[in-house]
Amino acid sequence: MSDSLWDQCLQRLQGELTAQQFNTWIRPLHAVYDSHTLRLLAPNAFVKERVESNFMTQIAAIACDLAGLSVPIVTEVGTQALSDTPATPAASPATENPSPAASDEPATTPRSATVTAQPVSSRNTSLNPNFTFDNFVEGKSNQLGKAASFQVGENPGKAYNPLLIYGGVGLGKTHLMHAVGNMIVQQKPNAKVIYLHSERFVAEMVKALQHNTINNFKRFYRSVDALLIDDIQFFAGKERSQEEFFHTFNSLLEGGQQVVMTCDRYPKEVDGLEERLKSRFGWGLPVAIEAPELETRVAILMSKAQLSGIEMPSEVAFFIAKRIRSNVRELEGALRRVIANAHFTGRPITMDFAKEALRDLLAIQDKLVTIDNIQKTVAEYFKIRVSDLHSKRRNRSITRPRQIAMALCKELTSHSLPEIGDAFGGRDHTTVLHACRKVEELKEGDQRINEDVSNLLRTLST
Amino acid sequence: MSRQLPLGIRLRDAATFENFLAAGNEPVLAALQHSSEVSLYLWGAAGTGKTHLLQAVCHQATAQGRRAAYLPLAEPGLHPAMLEGMEQFDLLCLDDVDAVVGDPDWEAALFHAYNRLTAAGHQLRLTASVSPAALAVELPDLHSRLGWGPVFQLQSLNDTAKRQALQQRAGARGVTLDDEVAEYLMKRCPRDMVSLFQLLEALDEASLAAQRRLTIPFVREYLGRQPGP
């Protein structure tokens, strides 16, 4: 019943709104129909308010029309119940831990069996099972970080506490952190291991403060066997969160529970982080991860390609590794792109193919082709002046370049033919059309003109 | 004599994969329809069909029983707060990412949304007018993430394909656009697909109102009434 009413509403709305409006504002809503009230759950307050102010009248009218009576409609920020969402592949006990915000939720909102209209809480405390030590490619730049992480995984709370992994973006800090967590859980399946990004820590704390459940928040985080907290530089400038994290941190360390943190630089260099935190973070073992050297980059590419079941010629791996030096994420991005392109075009991975697939990464700037640009390039090429192209002069040394320039404008830009004519000293669109035909004809019959046009095309589009 | 107003009911130009003219962009289409990658990044000039394809992705996901959301980031009046909670969707489509990068609040919101979405194992589809490398992102953490998944460039259609796309769109609206008329439009109007489709829509409405077929004299008359280019 409920679904069909909303489904019918959706059909009508789809016909009445633009695709943009429908996809942006209506599609994200989740409807629940209980005790004759239509409850619309929006993913966040912004969407909820926008729906209320822009679409509510229309929705109410359609619902009333369809149901034959007036249907009370309420909007709320909320989400489908946990039971509705498929379980995460990581069936570790960590995923079964109730998230603190969920367990703290005051029992004032009536809950139906299928839906809880509570603020979206973090369910991302789970570990990513894909990040393990086995698939971490080791090299000079990350050896120490891997060794230290491995020891922490073997002896949580004892080896190094806290473990701080720091280094630039995309070097594998998060990978190592998850690997530690996965190893702990593997050895002790009921261990309570929580991974979260520091932004989530801040968000959940703010929520706990709003709902007056800060004690549950504290209890939750202090009860874990291992807390893995990513990107602590995001604590910068958030004093209340730093304070809370500081206490949690101390309590965990005292209890012999493991803390693993990552940061994009040495914590002492993070502005807006309290001194006592900076020094405390350095207590255990801070290990740096650096950008991988060429051999490691090649090894990373070969190993990732193998994992994807792809035959990667080593010359291609070397080619990519030589060109992309900054970080592993970018390297992986390049590889994924080559693989996806090969997969969806059905072409084998060769040097030329890789060059083509990574064209923009390798060249970076894609020149914007404008009429001005074309005129300038053509004038330079034929050693005439741009003003000649605009002029009424009709000797061949001018008209040929002018015609070629017009044809290039048609081919490389989206300007209308009248616009192109205008840009060449106010000529008619039929002149442009004639030029285009003429150039086509000349290209067929005259090798030199054909070459000129290809040269110009190359100059303009690379 | 008063002009007849067109009825409010007419065929909507629903964006699907079926009514997208691939013409050289087949690999991109295949990737969007079948890729299980967490993130895909699509870029190309205006009028290459980025919005159409994202909406088609949304359509397909919904038809498969997955929950999808589409956010046109270039639309005025949006706020970074609207990315909150978006990780609950199986598929999130962000159109025109280049419209918001450079703004620290948007960048932070995108970065966190990306992390939450990937942690939840859900998918992200992005578009922009430039490649990830050329995006002016200030936050390095976000920049490296945007280019992490496969990146595809959409190629502009050539004139023949443009005319075909225009006729196909006209057909979907129940209008016949003869070759000569399509040719006439291509010669006189901006040849990017956004302008051409807008023009088609305007012509369709004008022809309905005037109860006349889309012929060259009708189009000439219509264009003559519009303010010059």
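The legends below describe close-up views of a predicted model.

Local features are given only where pLDDT is at least 70 and side-chain atom pairs only at pLDDT 80 or more, whereas totals for chains, interfaces and linings use all residues. Residues are numbered from 1 along each chain as its sequence is written, chains are lettered from A in the order in which they are written, and side-chain values use heavy atoms, with hydrogens and water left out.

View 1. Phe249(A) and Phe281(A) pair edge-to-face, with 5.4 Å centre to centre and 70° between the planes; rings of Phe, Tyr and Trp (its six-membered ring) pair if their centres lie within 6.5 Å, and planes under 30 degrees apart count as stacked, over 60 as edge-to-face and the rest as tilted.

**View 2. The buried residues of helix H3 in chain A.** In H3 (residues 45-54), Phe46(A), Val47(A), Arg50(A) and Val51(A) are the buried residues. They cover an arc of only 130° around the axis, which puts them on the same side of H3(A); the arc is that of the directions from the helix axis to the C-beta atoms. These buried residues pack against helix H2 (19-26), strand E2 (37-42) and helix H4 (56-67) of chain A, with contact meaning heavy atoms within 4.5 Å.

**View 3. The interface of chain A and chain B.** The contact takes 58 residues from chain A and 63 residues from chain B. The two chains bury about 4,900 Å² between them, 54% of it on carbon and sulfur atoms, buried area being the accessible area (1.4 Å probe) that two parts lose on being put together, summed over both. Arg27(A), Arg329(A) and Phe344(A) supply 14% of the area that chain A buries against chain B, more than any other three residues.

**View 4. An arginine of chain A over a ring of chain B.** The charged end of Arg336(A) sits over the ring of Trp148(B), 3.8 Å from its centre; this requires NZ of Lys or CZ of Arg within 6 Å of the ring centre and within 35 degrees of the ring normal.

Methods:
Buried means under 20% relative accessible area, exposed over 50%, partly exposed in between (1.4 Å probe, protein chains only). Helices (H or I, at least four residues) and strands (E, at least two) are DSSP runs, numbered from the N terminus.
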